[in-house]
Amino acid sequence: MDSAAPGIAMAKSDKLEMGATRGPTMSSTEVVPTSAVNGSPSLSRKLSFGKKLMGSFKGGHHLRKTWSGHMKMDSEDVGSEASLSRASSASLSFSYSFTGFTALPEVSDTMAFGNNENEIDLEIQETRKSLMSEPTLPIYLKFTEVRYSVVLKGITTTTEKDILHGITGSVRPGELLALMGPSGSGKTTLLSLLGGRITANIIQGSVTYNDEPYTKSLKGRMGFVAQDDVLFAHLTVRETLTYAALLRLPRSMTREQKEDRAMDAIYELGLERCQNTIIGGPFVRGVSGGERKRVCIGNEIIINPSLLFLDEPTSGLDSTTALRIIQVLHGIAKLGKTVVTTIHQPSSRLFHRFDKLILLGKGSLLYFGKASKAIKYFSSIGCSPLIAMNPAEFLLDLASGNINDVTVPSVLESKVQSKESESNTRNGKPSPEDVHEYLVEAYEDRVADKQMRKILMPLPISEDLKATLSSQKRDWGASWWQQYSILFWRGLNDRRHDYLSWMRITQVLAIAVILGLLWWKSSSTTTRGIEDQAGLLFFISVFWGFFPVFTAIFTFPQERAMLTKERAVDMYKLSAYFMARTTSDLPLDLILPMIFLLIVYFMAGLRRSIEHFFLTMLVVFLSIIAAQGLGLVIGASLMDIKKATTLGSVTVMTFMLAGGFFVRRVPVFISWLRYVSFNYHTYRLLLKVQYDHVPSSLNVTHLDNGVKEITALTVMVLAYRIMAYIFLRRMKLPN
């Protein structure tokens with residue numbers, strides 16, 4: 001320890017213990033403030049090792065609780081070489097999820113996994129109550145003989161494909177149920193069925209929540225974390241969780257309380273260090289994969305759900321981060337919540353965190369029961385590992401029909417020998433189909449009836465609790481106007497980065513300068529000069545019709561996944577989303593046209609008058625809003641970017657050709673196209689603003705005061721948006 005240091009400041013856990021005891025402490029670090037150049041203290045760390053470290057475990061001193069306050073320290077984690085290695089690494093700073101120590105404030109990934117119900121944060125010096133410690137309605141989930149089939153329609157025939165074959169199981173509050181199985185075994189389908197996300201095709205069996213069927217009122221008590229991280233790339237972690245809190249939490253809470261709940265979720269999940277970092281995406285750098293997954297979990301636990309579903313929350317993560325995620329889920333379950341998750345190939349330490357396990361193979365149930373007894377069960381039916389291996393790896397091999405390094409039951413050996421004698425072949429190993437059939441029959445004969453009797457036993461809950469879940473009332477977290485306001489600002493914050501990107505600004509500025517140079521100081525005193533300027537005006541009407549159409553086309557197809565996810569949990573009404581989405585684009589859509597006109601108008605020498613300049617700008621703005629409506633209709637009607645882009649190109653080209661500049665004499669049977677073309681009406685209005693008398697050579701007739709053109713554009717603005725809303729309403733979304 002540096003002798004020049006003025007004193008010793010203890011870490012968090014040491015401070016909590018100081019009032020109770022002066023003996024050996026549990027702190028993994030001692031922090032020494034040293035004098036900085038600017039006078040502010042800086043921190044240096046000192047790590048404790050060896051007997052002092054292990055002695056503190058044996059001394060019976062106070063340990064800071066985990067989420068539940070009941071999670072015990074695993075001796076294998078404490079005494080393992082990996083734990084001591086972590087203790088010597090200042091960068092990991094004693095991840096509490098693994099070693100039982102409190103985390104250093106500098107590392108965000110580890111702070112949340114040692115949260116007490118009342119956590120003291122050193123930086124803000126305030127007490128935070130654990131988000132999930134608040135009492136909720138306990139939900140007992142039962143499902144019996146669940147079968148699911150999809151209908152495959154061919155050109156001439158229709159067939160049914162079975163996905164799930166009679167799955168039975170249950171999970172109680174305080175338990176973490178894991179759904180395991182190889183790829184294609186039906187894990188995600190079963191999870192979606194249990195979470196009420198699948199209502200189509202053919203479903204048989206029973207799924208009950210406190211012995212009641214699924215109702216809309218359950219949406220406010222359930223959280224569902226999908227496998228894909230559907231988040232807004234340009235919003236920060238704090239903004240993402242705050243908007244979710246404002247939309248999902250009940251109206252009885254004030255805005256400040258909802259924002260505090262979002263901050264509680266951030267600290268609960270250890271995201272405080274990246275709370276001001278954007279989420280990021282494929283082309284935008286943001287938070288790490290583990291942090292993204294925790295943000296997705298935060299979006300759901302922010303409502304303090306009674307029942308939480310997660311689809312492969314550890315996929316794509318390293319083993320350390322995956323263990324932290326499962327540690328979070330285990331802590332949530334121990335607080336009296338019901339947690340169900342699918343898992344692909346967990347490590348052995350992850351596997352031992354599960355309370356119950358369902359093993360699926362080809363849509364059939366191979367095992368349901370306590371995870372700790374799974375190996376014992378398979379050993380009892382003759383399938384034991386011949387070498388030391390990860391229990392999850394052993395179970396997945398069996399579910400896949402792979403019995404390498406596994407004892408072969410005598411029943412299977414007899415079956416193989418009989419087949420070999422009939423076919424005169426020498427293989428020596430049972431096929432995956434034989435293994436699968438044996439495992440299914442063994443479970444049905446030995447366990448299925450016993451588990452069914454347990455599931456059918458009455459629940460220890462009152463009729464009042466059951467009636468609470470059977471309510472059909474839908475409770476919105478915010479009023480319509482509040483939903484609109486929140487979604488408006490969320491959309492504005494997310495899309496301003498794309499709309500005002502340097503590439504888009506450069507594109508508009510470059511085109512504006514080129515147009516200004518080509519029509520530099522053009523004259524309107526001669527007929528030839530007016531014809532030249534008419535070409536510029538027509539290009540302006542085309543350019544600011546083409547640009548907004550192809551921007552708006554991507555609006556709904558790109559946000560389809562987010563819209564589906566948020567509508568599934570009743571975050572907002574579709575009308576509020578539609579109005580907010582279409583109006584939040586307007587301020588951004590009008591900034592670049594304003595800059596464009598400021599450059600082109602005066603460089604090209606158009607009519608020098610403040611009145612005419614603003615009238616020209618208003619005409620262009622009206623055209624942009626009408627064109628944006630057309631793009632919304634095309635995108636909402638097709639919901640496919642490739643198809644929408646193709647249709648948009650054809651439509652815009654048709655409107656441009658019918659705009660009255662290229663073709664002077666249009667056949668009567670197709671002349672009606674010009675009246676539905678916003679280019680046509682915009683071009684005529686621009687001519688009316690610039691010239692008192694339009695030359696006959698431009699072939700523009702019946703140009704009166706412009707009321708008809710303004711009326712036509714206004715009707716397009718409204719009609720296109722109404723059509724887009726109808727198409728969006730007809731799109732299949734979860735109810």
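Mentor: Let's go from the whole chain down to single residues.

Mentor: Keep in mind that this is a predicted model.

Trainee: OK. How many helices and strands does the protein chain have?

Mentor: It has 27 helices and 14 strands.

Trainee: And what share of the residues is buried?

Mentor: Buried residues make up 52% of the 735 in the protein chain. Contacts tell you something too. Take those between residues at least 6 apart in sequence: 72% of them join residues at least 24 apart.

Trainee: Let's pick a helix. What span should H9 have, and what does it have?

Mentor: H9 covers residues 255-268, which is 14 residues. At 1.5 Å a residue the span should be 20 Å, and the end C-alpha atoms are 20 Å apart, so the two agree.

Trainee: Which of its residues are buried?

Mentor: The buried residues of H9 include Lys258, Arg261, Met263, Ile266 and Tyr267. Glu268 is buried as well.

Trainee: What follows H9?

Mentor: Glycine 270, with a positive phi near 70°.

Trainee: Now H10. How does its reach compare with what is expected?

Mentor: H10 runs over residues 289-301 and reaches 19 Å from first C-alpha to last. That is close to the expected 18 Å.

Trainee: Why call H10 largely enclosed?

Mentor: Because 12 of its 13 residues are buried.

Trainee: Switching to rings. How many aromatic pairs are there in the whole structure?

Mentor: A search finds 30. One of them is tyrosine 484 with phenylalanine 488, a tilted pair with centres 6.0 Å apart and 35° between the planes.

Trainee: Where do those two sit in the helix?

Mentor: Both are in H18, residues 480-499. They are 4 residues apart, so about one helical turn separates them.

Trainee: Why would that spacing matter for direction?

Mentor: An α-helix has 3.6 residues a turn, so residues three or four places apart point the same way.

Trainee: Are tyrosine 484 and phenylalanine 488 buried or exposed?

Mentor: Tyrosine 484 counts as buried because its relative accessibility is 15%. Phenylalanine 488 is at 16%, so it counts as buried too. The cut-off for buried is under 20%.

Trainee: Which pair is edge-to-face?

Mentor: Phenylalanine 655 and phenylalanine 678. Their centres are 5.5 Å apart and their planes are at 90°, so the pair is edge-to-face. It links distant parts of the chain: phenylalanine 655 is in H25 (residues 641-657), phenylalanine 678 is in H26 (residues 678-690), and 23 residues separate them. Both are buried.

Trainee: Which residues form an aromatic cluster?

Mentor: Trp480, Trp481, Tyr484, Phe488 and Trp489 make up one cluster.

Trainee: What about charges over rings, say arginine 504?

Mentor: Its charged end sits over the ring of tyrosine 499, 5.2 Å from the centre. Lysine 521 does likewise with tryptophan 520, at 5.4 Å from the ring centre.

Trainee: Where is lysine 521 found?

Mentor: In the loop between H19 (502-518) and H20. Phi of lysine 521 is positive, near 50°, in a residue other than glycine. At 45% relative accessible area, lysine 521 is partly exposed.

Trainee: How do H20 and H24 cross?

Mentor: H20 is residues 527-552 and H24 is residues 610-638. Their axes come within 7 Å and cross at roughly 35°. The crossing is right-handed. Among the residues making the contact are Trp544, Gly545 and Pro548 of H20, and Ile624, Ala627 and Gly631 of H24.

Trainee: Last one. Where does methionine 571 lie?

Mentor: In the loop between H22 (560-568) and H23 (574-603). At 6% relative accessibility, methionine 571 counts as buried.

Trainee: What is methionine 571 in contact with, neighbours in sequence aside?

Mentor: Leaving out neighbours within four places, the contacts are Ala244, Leu247, Arg248, Trp476, Gln483 and Glu566. Also look at leucine 249: it is 322 residues from methionine 571 in sequence, yet their C-alpha atoms are 9.2 Å apart.

Terms used. Residues are numbered from 1 along each chain as its sequence is written. This is a predicted model: local features need pLDDT of at least 70, side-chain atom pairs count only at pLDDT 80 or more; totals for chains, interfaces and linings use all residues. Side-chain values use heavy atoms; hydrogens and water are left out. The expected span of a helix is 1.5 Å times one less than its number of residues. Buried means under 20% relative accessible area, exposed over 50%, partly exposed in between (1.4 Å probe, protein chains only). Rings of Phe, Tyr and Trp (its six-membered ring) pair if their centres lie within 6.5 Å; planes under 30 degrees apart count as stacked, over 60 as edge-to-face and the rest as tilted. A charge sits over a ring if NZ of Lys or CZ of Arg is within 6 Å of the ring centre and within 35 degrees of the ring normal. Axes are lines fitted to C-alpha atoms, for helices over the stretch in contact, and angles run from 0 to 180 degrees between N-to-C directions. A crossing is left-handed if the near helix is turned anticlockwise from the far one by less than a right angle, and right-handed if clockwise. Contact means heavy atoms within 4.5 Å.
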